[in-house]
Amino acid sequence: MTSEVGILGMLMKKLQQEIAVVVKEHWQLDTREVDVSCPRELGHGDFTTNIALKVAARWGIPTSQVTGILVGELAQRPFIRKNFTNVIIAEPGFVNFFLSPQSIWRELSRGKYNPYRGRKVIVEYSAPNIAKPMHVGHLRSTIIGQALVNIYRALGARVVALNYLGDWGTQFGKLLVAYQKWGSKVQLKHTPIDEMLRIYVKFHKEAKIHPELEDEAKAAFKNLEQGNKKLLQTWKLFREYSLREFNDLYKRLGVKFDYYEGESQYQKSLRKVLNELVAKKIITINEDGSQVVIFDDEKITPMLVQKSDGASLYATRDLAALKARLKKYHPTEMLYVVANQQALYFDQLFTCVKLAGFSNPKVKLTHVKFGLVLGEEGKKMSTREGEIIKLEELLNKAVDLAWRTVEKKNPELGRREKAKVAEAVGVGAVKYNDLSQNRLTDITFNWRRMMSFEGNSGPYLQYTYVRLKSILRKAGKLKSLRFNADILIELDVNLLHKLIQYQDSLLRAAKENSPHLVANYLYELANLVNSYYHEAPVLKAVEPLRSLRLLLVQRTALVLKSGLEVLGIKVVERM
């Protein structure tokens with residue numbers, strides 16, 4: 001058994017071993033032929049096996065005889081359910097097993113579960129460009145990346161959360177030239193990001209009329225690379241002002257980084273990296289003096305690593321950064337949470353790293369791709385040149401919509417509490433709208449659906465948590481709650497079975513780097529518990545059933561809160 005299996009996976013392995021003992025004893029079948037899986041439908045059991053078919057085919061005996069022996073022996077095991085139905089024999093010979101409630105509760109109560117202990121994962125995400133406002137295009141990388149950080153940590157991995165700022169490159173030559181020509185020191189001090197965006201947009205408009213501005217920008221960036229003090233001083237101001245605004249947004253989004261890096265910090269190591277590529281004979285120098293890496297795979301186009309004027313590129317700095325991180329952190333895996341459009345670039349980067357021998361073959365390099373953010377009309381959420389949808393404006397709109405709903409539902413709440421709830425619900429709705437969808441697809445901002453308190457939405461899950469907490473508050477003291485498997489009915493057992501799937505949803509999400517698998521689980525759990533407390537009386541149940549159901553409601557609330565926090569979504573006690 002590997003350490004990287006969930007709670008259900010551990011119990012599945014246990015059942016597989018028990019089945020192997022029986023088939024080896026009765027039919028001398030190789031234990032490696034025993035296969036156990038999870039049925040698709042909850043009502044079809046927790047696990048299923050087709051070993052009876054294999055035995056019957058091998059020995060020419062009736063399938064029913066094999067299943068009869070399996071059922072007879074395995075039903076005596078303590079982790080197989082004794083009440084209701086022990087097993088279901090599904091034609092033509094599959095045997096479906098239900099876990100005993102005692103074994104499920106025992107696993108749920110064990111506390112911290114760390115199947116990824118010993119792993120070290122670097123996650124690079126968000127990565128905005130300094131001197132520009134964070135806009136809707138930064139949303140997916142930022143919140144998918146943070147969710148992956150949280151998921152890996154929840155599974156016991158050591159995670160390094162990195163924000164790799166775009167703080168170097170030719171665009172800063174453009175910005176420096178623009179600031180010298182049209183910038184305002186006063187505006188830079190009071191509204192820095194807006195001022196930097198204004199002059200950057202103006203540069204591009206002017207460059208269409210005066211193309212020589214592009215040459216000035218190239219020269220300015222080259223001087224910056226060579227350490228021009230005046231240019232460096234201005235560039236540092238741009239960076240400082242940008243980080244101040246970014247951090248305000250990250251705080252609202254519940255995003256936290258262990259380290260901020262920038263392309264600029266790898267400038268000094270670029271020559272060494274290029275020399276290593278030359279030594280490995282994987283660089284080709286073009287007639288104009290530019291340098292490229294050409295790959296054997298024709299599907300991967302050559303990667304430019306140095307311009308004809310000697311200036312560096314993003315790819316060169318990325319190579320230096322990757323090499324430095326491997327040496328500094330010694331990770332087992334590195335994730336780059338970057339849009340689909342960069343798929344070719346990461347093929348180039350990872351292939352170049354292997355050719356150069358920078359990376360240990362055991363270190364897994366992964367490009368975590370994601371689709372576009374689209375408006376309700378299905379168009380990309382950006383407008384005319386220079387007119388971007390700022391992330392702050394997007395969040396403010398969501399919070400404003402949430403405020404209206406909260407005010408309608410709970411007018412008695414104080415203004416401060418309404419503001420707190422509206423912030424949690426609005427920002428949570430934006431995040432859940434993204435994280436509940438497969439990251440590979442484009443996501444659409446349908447405001448009505450994402451702000452709804454019904455259906456697959458963040459507010460629905462938050463409201464479910466609030467309802468559960470309300471039940472627990474009405475119940476009074478909960479210190480003496482105890483689990484009693486003898487009084488369970490099918491409704492209780494179904495909820496119990498759903499609860500044990502939480503850790504496995506985290507594990508699947510980590511294996512596929514897909515937070516939507518956690519969101520899907522939470523939505524299914526919310527649906528189930530909402531049906532549960534309507535069909536199975538909780539507060540009006542008589543003891544000891546009342547205490548048992550309160551215990552299940554308490555555990556469900558805990559799992560909902562934990563899962564939402566993993567997705568980076570806050571819960572509130574009242575809504």
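R119 and E333 form a salt bridge, with their closest N and O atoms 3.6 Å apart. This pair ties together distant parts of the chain, 214 residues apart. R119 sits in the loop between helix 4 (101-108) and strand 5 (120-124). E333 belongs to strand 11 (residues 333-337). Both R119 and E333 are buried. The model described here is a predicted one.

Why can such pairs form? Side chains of opposite charge can pair when their charged atoms come close.

## The whole chain

The chain has 21 helices and 14 strands. Its C-alpha atoms fill a box of roughly 85 × 65 × 40 Å along the principal axes. The chain holds 575 residues, and 53% of them count as buried.

How many salt bridges does a search of the whole structure find? The search finds 24. One of them is formed by D258 and R153, at 2.8 Å from N to O. This pair also links distant parts of the chain, 105 residues apart. D258 is in the loop between helix 10 (229-253) and strand 7 (259-262), while R153 is in helix 5 (residues 139-154). Are these two residues buried or exposed? D258 counts as partly exposed because its relative accessibility is 37%. R153 is partly exposed too, with a relative accessible area of 32%.

The side chains of E524 and K498 also meet in a salt bridge, at 2.6 Å from N to O. E524 lies in helix 20 (residues 516-535) and K498 in helix 18 (residues 490-499), 26 residues apart. E524 has 40% relative accessibility, so it counts as partly exposed. K498 has 11%, so it counts as buried. Salt bridges can also join up: E124, E261 and R325 are linked in a network of them.

## Charge on the surface

A positive surface patch is formed by R467, R473, K474 and R574. R574 is found in the segment after helix 21 (545-566). R574 has a relative accessible area of 42%, so it is partly exposed.

D296 is in the loop between strand 9 (291-293) and strand 10. With a relative accessible area of 79%, D296 is exposed. Exposed means over 50%.

Which residues of helix 11 (residues 270-279) are buried? They are L270, V273, L274 and L277. These four lie on the same side of helix 11 because they cover an arc of only 95° around its axis. The spacing fits a general rule. An α-helix has 3.6 residues a turn, so residues three or four places apart point the same way. On the other side of helix 11, K272 and A279 are exposed.

Most residues other than glycine have a negative phi, and most peptide bonds are trans. A131 has a positive phi, near 75°, and is not a glycine. A131 is in the loop between strand 5 and helix 5. A131 is buried, with a relative accessible area of 2%.

K281 has a positive phi of about 60°, although it is not a glycine. K281 lies in the loop between helix 11 and strand 8 (283-285). K281 is exposed, because its relative accessible area is 75%. The peptide bond that joins E543 and P544 is cis, with omega about 5°. P544 is in the loop between helix 20 and helix 21.

## Two C-alpha distances

G310 lies in the loop between strand 10 (303-306) and helix 12 (314-329). G310 counts as partly exposed, at 41% relative accessibility.

T405 is part of helix 14 (residues 391-409). T405 counts as partly exposed, at 25% relative accessibility.

Notes
Residues numbered from 1 in each chain as written. Predicted model: local features only at pLDDT ≥ 70, side-chain atom pairs only at ≥ 80, totals over all residues. Heavy atoms only, no water. Patch = residues over 30% accessible without salt bridge, like charges linked within 9 Å, V, L, I, M, F, W, Y side chains within 5 Å. Areas by Shrake-Rupley, 256 points an atom, 1.4 Å probe, with all protein chains shown as cover. Salt bridge = Lys/Arg side-chain N within 4 Å of Asp/Glu carboxyl O. Lys, Arg positive; Asp, Glu negative; His and termini not counted. Charge placed at Lys NZ, Arg CZ, Asp CG, Glu CD. Helix = DSSP H or I, 4+ residues; strand = E, 2+ residues; numbered from the N terminus. Buried < 20%, exposed > 50% of the residue type's maximum accessible area, 1.4 Å probe, protein only. Arc of directions from axis to C-beta.
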